[in-house]
Amino acid sequence: MTDELFLQPQTPAPAPDRSGTPLVEMRDIHLSFGGVKAVDGVTINLWPGEVVGLLGHNGAGKSTLIKVLSGAYRADAGQIFINGEKATIQNPRDARRYHIETIYQTLALADNLDAASNLFLGRELTTPLGFVDDDAMEAETRKIMARLNPNFRKLKAPVKALSGGQRQSVAIARAVYFNAKILIMDEPTAALGVQETKMVAELIQELKRQGLGIFLIDHDIHQVMEMCDRASVMKNGQLVGTVDIADVTEDDLLGMIILGKTPERAAPETVQ
Amino acid sequence: MVQDAPAETVRAPAKDGSGGFMRAVRALDIDLRLLGMIGALLIIWLVFDLVTGGRFLTPRNLFNLSVQTASVAVMATGMVFVIVTRHIDLSVGSLLGFLGMIMGTLQLHYLPGLVGHGHWSIWIVTILAGVGAGALIGAAQGYVIGYLAVPAFIVTLGGLLVWRGAAWWVTGGQTVAPLDPTFSLLGGGAAGTLGATWSWALAAAAATGGLLLQYISRRRKAAHGFPVKPLWAEIAMSFIIVGVIVGLTAVMVAYPVPEAAARRILAARGEAIPEGPINMAHGIAIPVVILLVVALVMTVIARRTRFGRYVFATGGNPDAAELSGINTRLLTVKIFALMGALTAIAAVIASARLGAVGNDLGTLDELRVIAAAVIGGTALSGGIGTIYGAVLGALIMQSLQSGMAMVGVDAPLQSIVVGLVLVLAVLVDILYRRRTGA
């Protein structure tokens, strides 16, 4: 990860340039669980330096859709393009190869292991002989934690013993440490206090500036209006529409979530 | 760190001021649970020694105890991985019997025909075949558990019946004996020991290795700028390491081989038999050496390899492990294959100790192995367990059993006591965890 992370005073990141090839395109994704269509022909996309909010009720299919991208689920049908090239993502390892990192709502931490072991889980640093190098991993963890969450001290404790905010910062550190190009955040601030939420918002701005594309699942409409460039709304497994945040109001978004209707003012985007 | 060492040992000085002892424990960075187990073991030993009028804590009895513990302890180290990943293996006792039978017939009925009777290679080929078969059978059970998603309890309960039946089938129920002479040494009879000289050589090597590791670890921590233990704590630790190694070796060396047996051993080796009294010591038994090597290797696997890290991560949170790109199905196959290979090693020790393979070899061992792992602090809820704990657990179990046999407690009462101790040990562990939040 780069050294300039999180150090500058916050200025809003520039608006994303959507003229080039999208970073991610998920085309016509279908996924059913035993007859229930969890994701039903959804198409969404994401450009570099852009934050796209994914909205919808519980069970609308947001998390399922995103898990197709992160490799946790395999779609029944549909295609994924990364930088315009067809990508095959069959498991989380594949997703990591495409520099897709995910912060899950559940955080997906092994509670019995310490912060460093979690941060490097599946990608351990090893000594020349191939043994796990705990000291090197602890040193790296200290470095990134010093920037992400300066109050983080409990490096040796199992993450079970950490507070919600501290656990969250371990999950975030894991996602940003490995030079992610595409970041998926599933309710990253759900368990956080005001101060910590602000830190995450600043982090998102910083990552945007570095050209990452971010999918953000969030229930807080206000937060989505603040942090996102566009929003894709889902209902009953289908895409209601994708709108530019600049074109809509909070009420418009609420209308889309509840009624499943795209406001007339914001013409639905045509997706290639 | 993986193995739930007390958190923030040196960095946070003792806040509760609970006396010099706790401060010392913290500074030394010793696992409290380890101390508890050693304490329990010492109490058991002292009580039996008092009750038997000093017959329990003798070099002879401690030597026998070490040999009797080896087979179950070897399997218990593997059971730690199995239980840490929230599985169970009920088949190890039967599998031990089956593998013992295979190795018995191989060295008695097949290999002599191929390479000649008493050939030097027989015991090596036998063990390689046994370990290979054990790993394969374990992998097969692991495949059904990991890939076909049948619960481990069911698969290995089936295995318990299947392998016991298969063991009978190998010879139609006949006992296989006598075993290859070299193979028999691995069971730790009077001849199957290191003797005084080699025992001390091993002790010296172990002490040197221990001190070297301690030094390297400290230097690495300092190089990374991490806090290190105070120097007095390191030196105290060094003394403890060396003291324990020297003490245990001295006990084993203090058990002399009886005159007649010593003459037989020397004759078998083709050495000159001296005229006067023979001064021959048992020293460390070969099965104990095997156990020490297994425990060392398993500890390195648990703490210093990716495989070990994934075992604990999967035990702590299977979903997180999967999402981190760990192939948890293949991991399950590997864990059960390892368990099978260790069962084969245990089968070597158990059959060599008896000098014969009977149909009932290993009966009920699955329960002893699981109990050893659990008494040693392995949590059935997954994610927590240590190799040294399992070995100590096996030693505690065996101490209880031998002690009660020595005192003359009836067999049914022995079972009752062991059963109660098992539950009590787990209860204490749960209460301890709840209090410390570990």
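**View 1. The largest nonpolar core of the predicted model.** A nonpolar core is a set of buried Ala, Val, Leu, Ile, Met, Phe, Trp, Tyr and Cys residues joined through side-chain atoms within 4.5 Å; buried means under 20% relative accessible area with a 1.4 Å probe, protein chains only. This is a predicted model, in which local features need pLDDT of at least 70, side-chain atom pairs count only at pLDDT 80 or more, and totals for chains, interfaces and linings use all residues. Residues are numbered from 1 along each chain as its sequence is written, chains are lettered from A in the order in which they are written, and side-chain values use heavy atoms, without hydrogens and water. The largest core has 74 residues, and Met79(B), Phe81(B) and Val311(B) have the most contacts inside it. Another core, of 50 residues, lies apart from it and includes Val159(A) and Leu212(A).

**View 2. Surroundings of Met79(B).** Leaving out residues up to four places away in sequence, Met79(B) touches Asp89(B), Val92(B), Met339(B), Val369(B), Ile370(B) and Ala373(B). Contact means heavy atoms within 4.5 Å.

**View 3. Where chain A meets chain B.** Here 34 residues of chain A are in contact with 31 residues of chain B. The two chains bury about 2900 Å² between them, 55% of it on carbon and sulfur atoms; buried area is the accessible area (1.4 Å probe) that two parts lose on being put together, summed over both. In chain A, Asn112(A), Asp135(A) and Lys156(A) lose the most area to chain B.

**View 4. A salt bridge between the chains.** Asp134(A) pairs with Arg309(B) in a salt bridge, their closest N and O atoms being 3.1 Å apart. Six salt bridges (a side-chain nitrogen of Lys or Arg within 4 Å of a carboxyl oxygen of Asp or Glu) are counted between chain A and chain B.
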